[in-house]
Amino acid sequence: MDIKENLKTIIDSNEICLFMKGVPEAPQCGFSMAVSNILKVLNVNFKGINVLENESMRQAIKEYSDWPTIPQLYIKGEFVGGCDIVKEMFESGELKKLLIKKELV
Amino acid sequence: MALSIEEIKKLIIESIPDATIEIKDLVGDSNHYSAKIISKIFNGKSRIEQHKMVYKSLKGKMGNELHALSITTEGK
C-alpha cells in the first residue's frame, strides 16, 4: 500500500491517534511524552504511532498536515495540533470539551 | 547547526513585520527555545493557521536546524 493511503487508513480507523517519537509506554522525546501524558490524564484510548520506526511515515505525516514537527494529534480524522496547541487546549479545558463533543469521553 | 535568538527573530520579522517577539533559550543550549509572537496577521486565524505562519517564516528550519521551538501566538 502507498504510504499516503496507509496514513489515511490509520487516521480514519482510529478515533484518536498520536504520531509520536517512541510509544505511549516509553516516549522518546519530551514533547511526545507531554501529549501522551495529557491523553492518559484525560483517560482516553488512543493509538500511538511511533514515527521513529518508519522514516517514510515520518516524512509523509509532515506533508499530510503541512506541519513540520512531531508529535501530531488527530481526533476523528481532524488534525488538532502539535505539543504547544494540545497543551494550551488541555490547560484551558478546550481539549476536554472537544473530546466530549466528539463523544470520546 | 543551531540558530541564535537573533537569527530566529530576523526570520520571523521578515515574514511578519509587525510582530512583537519574545524568545527564551530554555536550557541555554541554543537549541531549545520558546517564543511568544504577537501580530495583527493572527487575528481571526485558528491556532493551527497561526503556528503554520510562524513555521513558514522559519523557511523549513523548524524540525531541522531548529530542533525545539515552543510557540505561543496572539493577535493584537
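I call two residues in contact if their C-beta atoms, placed from the backbone, lie within 7 Å. By that rule, 7 residues of chain A are in contact with 10 residues of chain B. This is a predicted model: local features need pLDDT of at least 70, side-chain atom pairs count only at pLDDT 80 or more, and totals for chains, interfaces and linings use all residues. Residues are numbered from 1 along each chain as its sequence is written, and chains are lettered from A and ligands numbered from 1 in the order in which they are written.

Helices (H or I, at least four residues) and strands (E, at least two) are DSSP runs, numbered from the N terminus. On the side of chain B that touches chain A, helix H2 (47-57) and strand S3 (68-74) of chain B each give two or more residues. H2(B) gives the most, with 5 residues.

Now the sheet. Strands pair if DSSP finds at least two bridges between them. In chain B, 3 strands form an open sheet, ordered S1-S2-S3, with mixed pairing. Strand S1 (20-25) and S3 of chain B stand at the edges with a single partner strand each, so one side of each is left without a neighbour in the sheet.

Strand S2 (residues 32-38) of chain B pairs with S3(B) in the parallel sense, over 7 bridges. B:Ile38 has B:Glu74 in S3(B) as its bridge partner.

Where does H2(B) pack? On the sheet, touching S2 and S3 of chain B. Axes are lines fitted to C-alpha atoms, for helices over the stretch in contact, and angles run from 0 to 180 degrees between N-to-C directions. The direction of H2(B) makes about 130 degrees with that of S3(B).
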